[in-house]
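Here is a short report on one chain.

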Amino acid sequence: MKTFLRFGKVLAFASLFSLTSCGSYNRLVTLEQTVNKKWADVQSVYQRRADLIPNLVQTVAGAANFEKSTLTEVTNARASVGQVKLDPSKAPTDAAELEKFQQAQGQLSTALSRLLVVTENYPQLRATEAFQNLQAQLEGTENRISVERNNFNAAVQEYNTALGQFPTNMLNKMFGFKERPFFNAAPGADKAPEVKFDFNKPATSPAAAASPAATP
């Protein structure tokens, strides 16, 4: 009789553990899919920015005497981003890969900021409707990049936390669930790059900006 009762308890425990494991597995699958979805959103907004750059470069290149080195820097940075190949539908599990991706995108952000600063010296360019439209789209895209990166990090945090909790931590190796790395915030990264311009502000001509100050 005692043996039968013990067997019943073991069977009940096994059934309960099985049900709990199934629920934990399903939760991990859901969280993993959410992380992948947020990663796809990040890739989408970065791709949107990359798609805007050729039109921006073409528009800016039409300005007389525009600094060619600045345009070259942006073009090269965009090409470097394209060389970092990551699966857009599955969040990376290698922190080094994500860091490489982030560095390439950061270099492009820096090159773009320099390009937009240089345009301050070209009032006729800044006054065109084409440039103003591109500037507005770029500003919105930079804001979306910041938002989607934060959303991705939040999803990764929830997923990684679940991986470390009992009983889901027992399923990690069994079913191949792996932690996902975060986007690392650089100083000032909590604020989207400023790409607004004061179109009413008198601009300095390229010649005047390049010439040394007159001596008495």
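Which residues does Arg49 touch, not counting residues up to four places away in sequence? The model is predicted, and the answer can be read from its atoms.

## Arg49 and its partners

Arg49 touches Gln105, Leu108, Ser109, Leu138, Thr141, Glu142 and Ile145, with residues up to four places away in sequence not counted. Arg49 itself lies in helix 1. Its relative accessibility is 1%, so Arg49 counts as buried, the cut-off being under 20%.

One of these contacts is also a salt bridge. Glu142 pairs with Arg49, and the closest N and O atoms are 3.1 Å apart. The pair links distant parts of the chain: Glu142 sits in helix 5 (residues 129-163), Arg49 in helix 1, and 93 residues separate them. Glu142 is buried too, with a relative accessible area of 5%.

## The fold

The chain has seven helices and zero strands. Along the sequence, the pattern reads α-α-α-α-α-α-α. There are 216 residues in the chain, and buried residues make up 36% of them.

Take the contacts between residues at least 6 apart in sequence. Of these, 84% join residues at least 24 apart. Thr75 and Ala111 give a spatial example of separation in sequence: they are 36 residues apart in the chain, with C-alpha atoms 8.8 Å apart. Thr75 is in helix 2. With a relative accessible area of 42%, Thr75 is partly exposed.

## Helix 3 against helix 5

How do helix 3 and helix 5 pack, and at what angle? The angle is about 150°, and the axes are 13 Å apart. Angles over 145 degrees count as roughly antiparallel, so that is the relation between helix 3 and helix 5. Their crossing is left-handed. Helix 3 brings Gln102, Leu112 and Leu116 to the contact, while helix 5 brings Phe131, Leu138, Glu142 and Arg149.

Gln102 has 14% relative accessibility and counts as buried. Leaving out residues up to four places away in sequence, Gln102 touches Arg149, Phe183 and Asn184.

## The nonpolar core

In soluble globular proteins, nonpolar side chains tend to be buried together. Here the largest nonpolar core has 45 residues. Those with the most contacts inside it are Trp39, Leu56, Val60, Phe66, Phe101 and Phe152. The elements that give two or more residues to this core are helix 1, helix 2 (68-83), helix 3 and helix 5. Helix 1 gives the most, with twelve residues.

Neighbours within four places in sequence aside, Val60 is in contact with Phe66, Leu71, Leu115, Thr119, Leu125 and Phe131.

How many salt bridges does the structure hold? There are five. Among them is the Glu142 and Arg49 pair described above. Two others follow.

Arg180 and Glu32 meet through their side chains, at 3.0 Å from N to O.

Glu148 is buried, with a relative accessible area of 8%. Arg144 has 39% relative accessibility and counts as partly exposed.

Conventions. Residues numbered from 1 in each chain as written. Predicted model: local features only at pLDDT ≥ 70, side-chain atom pairs only at ≥ 80, totals over all residues. Heavy atoms only, no water. Buried < 20%, exposed > 50% of the residue type's maximum accessible area, 1.4 Å probe, protein only. Contact = heavy atoms within 4.5 Å. Salt bridge = Lys/Arg side-chain N within 4 Å of Asp/Glu carboxyl O. Helix = DSSP H or I, 4+ residues; strand = E, 2+ residues; numbered from the N terminus. Core = buried A, V, L, I, M, F, W, Y, C linked by side-chain atoms within 4.5 Å. Axes fitted to C-alpha atoms, helices over the stretch in contact; angles between N-to-C directions. Parallel < 35°, antiparallel > 145°, perpendicular 65-115°, else oblique. Left-handed = near helix turned anticlockwise from the far one by under 90°.
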